[in-house]
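Please keep the sequence and the model in view while reading.

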Amino acid sequence: EFGEVSLATPEEPAEIERMLQTLFEQKSEALDGKGITDLFAPPGHREFFLDLATSPRTRTFVHVSALRVRPSLAAINFGLESRQRYALFLVSYDRSLARLSPGVIHLNKLIERAIGHGMTEFDFLVGEQRLKLEWTDRETRLHDHFAASSWRGYLPAMTASIGARMKRMIKQTPAFWSAFKTLRAQLGAVR
């Protein structure tokens with residue numbers, strides 16, 4: 001309906017940069033809509049990812065690609081490849097095509113590509129999204145550790161530990177998580 005669908009993996013630094021600039025814009029728009037601070041806004045953040053993706057020293061383990069739906073970049077990713085492992089690091093998609101699930105289609109193509117390149121692991125990295133449970137055959141449990149190295153650090157460490165437990169509880173309770181996301185988006189709109 002919207003045009004030919006293909007996986008585009010650019011080789012030229014200028015094309016990689018154009019793709020990543022679109023990823024930054026799409027991701028910033030998505031974060032803003034959720035009331036989350038834009039991780040690409042601080043000085044140097046965009047440049048860091050652009051340098052990783054285009055530098056000859058790091059280019060061999062960075063994979064940038066897009067699900068292209070002529071003429072649009074429907075979904076874009078910044079992944080890392082090392083030792084037969086593909087790590088999905090940053091992803092974005094065109095909100096105008098959201099009802100067609102471009103991110104899921106792109107993910108399918110990325111997994112297919114990883115298998116074709118001999119990768120034996122596909123790492124979704126940190127987070128507890130439902131999508132991960134649909135794809136994985138194992139889970140790596142992550143743990144938080146907070147410790148004070150002096151008496152002055154005791155209160156901040158205890159506060160951070162309690163905050164992490166509360167955040168996990170909110171995210172694992174659907175009613176709390178839904179209410180929190182609504183409140184966060186409303187506060188973000190005000191901000």
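Does Tyr 154 count as buried or exposed in this model? The model is predicted, and in it Tyr 154 has a relative accessibility of 53%, over the 50% cut-off, so this residue counts as exposed.

**Surface patch**
- Tyr 154 is placed in helix α5, which covers residues 154-171.
- Together with Leu 155, Met 158, Ile 162 and Met 166, Tyr 154 forms a nonpolar patch on the surface, and the accessible area of these residues together is about 510 Å².

**Largest nonpolar core**
- The largest nonpolar core has 18 residues, and those with the most contacts inside it include Met 19, Leu 20, Leu 23 and Phe 24, as well as Ala 53, Val 64 and Phe 78.
- Two or more residues of this core come from each of α1 (13-33), α2 (45-54), β2 (62-69) and β3 (72-82), with α1 giving the most, at five residues.
- When neighbours within four places in sequence are left aside, the contacts of Met 19 are Ala 8, Pro 10, Val 64, Ser 65, Ala 66, Arg 68, Leu 73 and Ile 76.

- Helix α3 (residues 102-116) has 15 residues, and its reach of 21 Å from first to last C-alpha is close to the 21 Å expected at 1.5 Å a residue.
- The buried residues of α3 are Pro 102, His 106, Leu 107, Leu 110, Ile 111, Arg 113 and Ala 114.
- After α3 comes Gly 118, with a positive phi near 80 degrees.

Technical notes: Residues numbered from 1 in each chain as written. Predicted model: local features only at pLDDT ≥ 70, side-chain atom pairs only at ≥ 80, totals over all residues. Heavy atoms only, no water. Helix = DSSP H or I, 4+ residues; strand = E, 2+ residues; numbered from the N terminus. Expected span 1.5 Å × (residues − 1). Buried < 20%, exposed > 50% of the residue type's maximum accessible area, 1.4 Å probe, protein only. Core = buried A, V, L, I, M, F, W, Y, C linked by side-chain atoms within 4.5 Å. Contact = heavy atoms within 4.5 Å. Patch = residues over 30% accessible without salt bridge, like charges linked within 9 Å, V, L, I, M, F, W, Y side chains within 5 Å. Areas by Shrake-Rupley, 256 points an atom, 1.4 Å probe, with all protein chains shown as cover. Salt bridge = Lys/Arg side-chain N within 4 Å of Asp/Glu carboxyl O.
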